[in-house]
Amino acid sequence: MARVRKKAKNPGSILLSRQRGLRGDGPVVASRALSNTSSLSSKVGRTLIRNHHTLQKRLSQALSRNDTETANSIRAEIEANGGIERYQQASVCGQDNQRGGDSSRVLIDWFGEAIRSSPNKNVPNKKLRLLEVGALSPDNACSRSNLFSVTRIDLNSRDPSIEAQDFMDRPIPTADGERFDIISLSLVLNYVSLPAARGEMLERTTEFLRHTPLEGEEEQGSRVTELFPSLFLVLPAPCVTNSRYLDERRLEEMMGNLGYRLVRRKLSAKLIYQLWHHVCKAQSLGRQKEFSKKEEVNPGRTRNNFAIMFR
Ligand SMILES: C[S@@+](CC[C@H](N)C(=O)[O-])C[C@H]1O[C@@H](n2cnc3c(N)ncnc32)[C@H](O)[C@@H]1O
């Protein structure tokens, strides 16, 4: 079982500064009482999630212009609304089956299809290494499936098997034993407030993927192994279906530059699920400059402003 670790703080990181605010190291104005374990109605939960994202975005903006006074008052507001604990509680309620369910079931379905369509229909004889970034609990479909050996991290750990860690501060692996066959970023990228920080997060995933063949790969046929190493990315659907600055084509171009190729996709009323196979690293070299600015791909007054940028 993974050890829960309190991270040393790096004052220079915007993500970490945000995290520090959300963890409550800034001025705390009571309302821990809000962080109980009772379930939330879906409307209250949605409002809470939306407000948390808005405050977090304002916090990142204040921090990026070194406006400490505003940042502190936003931190206080986040805490007054129950902090990251209350936000996570609302997210757990959102995972409730009646409200869209556990997104990792989609990954398990894709994996099952690949096994069924492979020549010998065997499950891999070795568990695949999965890094779950933004893990809310140790008992989602991936964890229950027995197909994966799961390493879970989150800014705020809700369980001893989840390490408290900012993915952006996780040390870059130096050996294959520290790399993964698959990384899950389910409803995490949209948690990151600034477009360039989202690009940084996507770029960073490529450092954690293992490209050496899986054990027994040859006997399993290609349908399973063609999916790995990969990134399981889940976003609220409007991030790509109704954004002024991002659509699926633009995302595919950005991901292509990072060496990713889209191998599975599912669009539901609320979410978009994608599995990106990491084909190679070489393609990323210098090409992300094309995406260093926001570019309007979908004009219109009713659009949202979700964007991803690369420095
Ligand atoms: C909406 S919840 C999603 C949880 C779950 N993956 C799901 O699909 O329902 C987002 C989670 O991502 C975590 N998170 C956001 N940025 C992170 C980062 N840089 N490193 C680790 N966890 C992060 C947050 O703390 C939060 O618990």
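**Exercise 1. Find the place of L187 in the chain, and state whether L187 is buried, exposed or partly exposed.**

Solution. Step 1: L187 sits in the loop between β4 (182-186) and α7 (195-205). Helices (H or I, at least four residues) and strands (E, at least two) are DSSP runs, numbered from the N terminus. Residues are numbered from 1 along each chain as its sequence is written. The model is predicted: local features need pLDDT of at least 70, side-chain atom pairs count only at pLDDT 80 or more, and totals for chains, interfaces and linings use all residues.

Step 1: A residue is buried if 20 or more other C-beta atoms lie within 10 Å of its own, exposed if 12 or fewer, and partly exposed in between, with C-beta atoms placed from the backbone. L187 has 18 other C-beta atoms within 10 Å, so L187 is partly exposed.

Step 2: Look at the backbone. L187 is not a glycine, yet its phi is positive, near 55°.

**Exercise 2. Which residues come nearest to the ligand, and which domains give residues to the shell around the ligand?**

Solution. Step 1: There are 22 residues around the ligand, and G134, L155, F167, S186 and L187 come nearest. A residue is near a molecule or strand if its C-beta atom, placed from the backbone, lies within 6 Å of it.

Step 1: Sort the shell by type. It holds 13 nonpolar, seven polar and two charged residues. Here Ala, Val, Leu, Ile, Met, Phe, Trp, Tyr, Cys and Pro count as nonpolar, Asp, Glu, Lys and Arg as charged, and the others, Gly among them, as polar.

Step 2: α4 (83-95) and β2 each supply at least two residues of the shell. The most come from α4, with four residues.

Step 3: Domain 1 (14-97) and domain 2 (104-291) both contribute to the shell, so the ligand lies between them. The domain bounds come from an automatic or database domain assignment.

**Exercise 3. Give the strand order of the sheet and say which strands stand at its edges.**

Solution. Step 1: Seven strands form an open sheet with mixed pairing, in the order β3-β2-β1-β4-β5-β7-β6. Two strands pair if DSSP finds at least two bridges between them.

Step 1: β3 (162-164) and β6 (260-267) each have a single partner strand, so one side of each is left without a neighbour in the sheet.

Step 2: β2 (residues 148-154) and β3 run parallel and are joined by three bridges, with R152 opposite I162 in β3. β6 and β7 (residues 271-278) are antiparallel, with seven bridges. Y260 has H278 in β7 as its bridge partner, and a hairpin of three residues joins β6 to β7.

**Exercise 4. Which residues of helix α11 (residues 248-257) are buried, and where do they lie around the axis?**

Solution. Step 1: The buried residues of α11 are L251, M254, M255 and N257. Step 2: Their arc, taken from the directions from the helix axis to the C-beta atoms, is only 155°, which puts them on the same side of α11. Step 3: R249 and E253, on the other side of α11, are exposed.
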